[in-house]
Amino acid sequence: MTTGTATRWDPSLYATHASFVPALGAAVLDLLAPRDGERVLDLGCGDGVLTQKLINAGSDVVGVDADPAMVAAAQAKGIDARLGDARALDFDGEFDAVFTNAALHWVGQPDVVTAGVKRALKPGGRYVGEFGGHANIAAIRTALIAVLARHGFPAAGAETSYYPTADAFRAVLERGGFVVESCAIIPRPTQLPESGMVGWLETFRGGFIDAAGVPDGQKDHIITETVALLAPALQAADGQWIADYVRIRFSAHLPE
């Protein structure tokens with residue numbers, strides 16, 4: 001899921017190797033507690049799996065994502081999904097709530113995003129979400145940086161990847177005019193599907209390997225080296241891969 005970067009996604013790869021992302025969004029959905037008849041903006045809706053759950057709860061939902069393939073996948077489910085950038089939202093006071101899951105860490109510019117969310121909400125509107133927090137996939141990112149550097153490629157993602165502490169993001173929300181009910185770091189070691197780290201790197205390589213300018217002929221080799229480097233830290237004795245996910249989960253609202 002993306003809300004405003006050059007990363008390009010393959011919805012079929014995402015569904016196969018990263019289905020745990022929307023599946024683990026139940027806790028933040030519960031925090032939102034969507035209400036029957038309210039209008040909700042799903043910021044970074046991806047292929048619409050979580051968006052559909054908002055609709056099933058009775059909400060009138062608009063999904064926004066920056067990736068054309070993901071928007072098309074959401075639209076194929078009958079969802080009102082629109083191509084858009086989280087840093088340039090053009091809504092004005094029309095939503096009761098803004099929901100976001102696994103998206104804001106791809107965007108950066110948190111003050112700009114927060115200002116757009118504020119404009120999109122009605123007075124008293126809720127802003128609830130979850131995204132990568134401080135130390136999210138730290139081992140994976142460190143291994144990728146090391147392997148890319150070994151082959152003469154830059155450490156991609158440093159310009160846009162945003163993994164703040166809870167205190168730092170709470171300050172962003174408060175600066176943006178929100179009253180913050182909760183904002184916490186949630187360590188969440190995540191068991192990967194059978195495809196393991198290879199599948200993860202194939203799915204998310206757009207933000208790291210592709211963005212570093214690695215030619216197609218070298219990508220498999222970069223992935224193989226990265227997997228070997230990560231195995232002692234993230235692969236269990238039985239072969240299962242556990243990704244070092246760390247999330248920020250937050251709930252805030254505008255004054256009435």
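This is a predicted model: local features need pLDDT of at least 70, side-chain atom pairs count only at pLDDT 80 or more; totals for chains, interfaces and linings use all residues.
Empty space inside the model was examined first. Rolling a probe the size of a water molecule over the atoms shows where empty space is left. Two cavities of 30 Å³ or more were counted. The second largest cavity holds about 50 Å³ of space. Its lining consists of Leu104, Val107, Gly108, Pro110, Val113, Thr114, Tyr127, Tyr162 and Phe169. Helix 6, which spans residues 110-120, supplies the largest share of this lining, with three residues. By class, seven residues of the lining of the second largest cavity are nonpolar and two are polar, while no charged residue takes part.

The packing of one pair of helices was then described. Two packed helices are described by the angle between their axes and the distance between the axes. For helix 9 (residues 196-204) and helix 10 (residues 216-234), the angle is about 130 degrees and the axes lie 9 Å apart. An angle of 65 to 115 degrees would count as roughly perpendicular and one over 145 as roughly antiparallel; helix 9 and helix 10 are therefore oblique to each other. The crossing of helix 9 past helix 10 is right-handed. On the side of helix 9, the contact involves Met197, Val198, Leu201 and Glu202. Helix 10 contributes Asp220, Ile223, Thr226, Val227, Leu230 and Leu234 to the contact. Sorted by class, the residues in the contact of helix 9 with helix 10 comprise seven nonpolar, one polar and two charged.

How values were computed: Residues are numbered from 1 along each chain as its sequence is written. Side-chain values use heavy atoms; hydrogens and water are left out. On a 1 Å grid over the protein atoms alone, a cavity is a set of points where a 1.4 Å probe fits but cannot get out, and a pocket is an open set with protein on both sides within 12 Å along at least five of seven lines; lining residues have an atom within 4 Å of a point. Grid points are joined across faces, edges and corners, and a volume is the space filled by probe spheres set on the points. Helices (H or I, at least four residues) and strands (E, at least two) are DSSP runs, numbered from the N terminus. Ala, Val, Leu, Ile, Met, Phe, Trp, Tyr, Cys and Pro count as nonpolar, Asp, Glu, Lys and Arg as charged, and the others, Gly among them, as polar. Axes are lines fitted to C-alpha atoms, for helices over the stretch in contact, and angles run from 0 to 180 degrees between N-to-C directions. Angles under 35 degrees count as roughly parallel, over 145 as roughly antiparallel, 65 to 115 as roughly perpendicular and the rest as oblique. A crossing is left-handed if the near helix is turned anticlockwise from the far one by less than a right angle, and right-handed if clockwise. Contact means heavy atoms within 4.5 Å.
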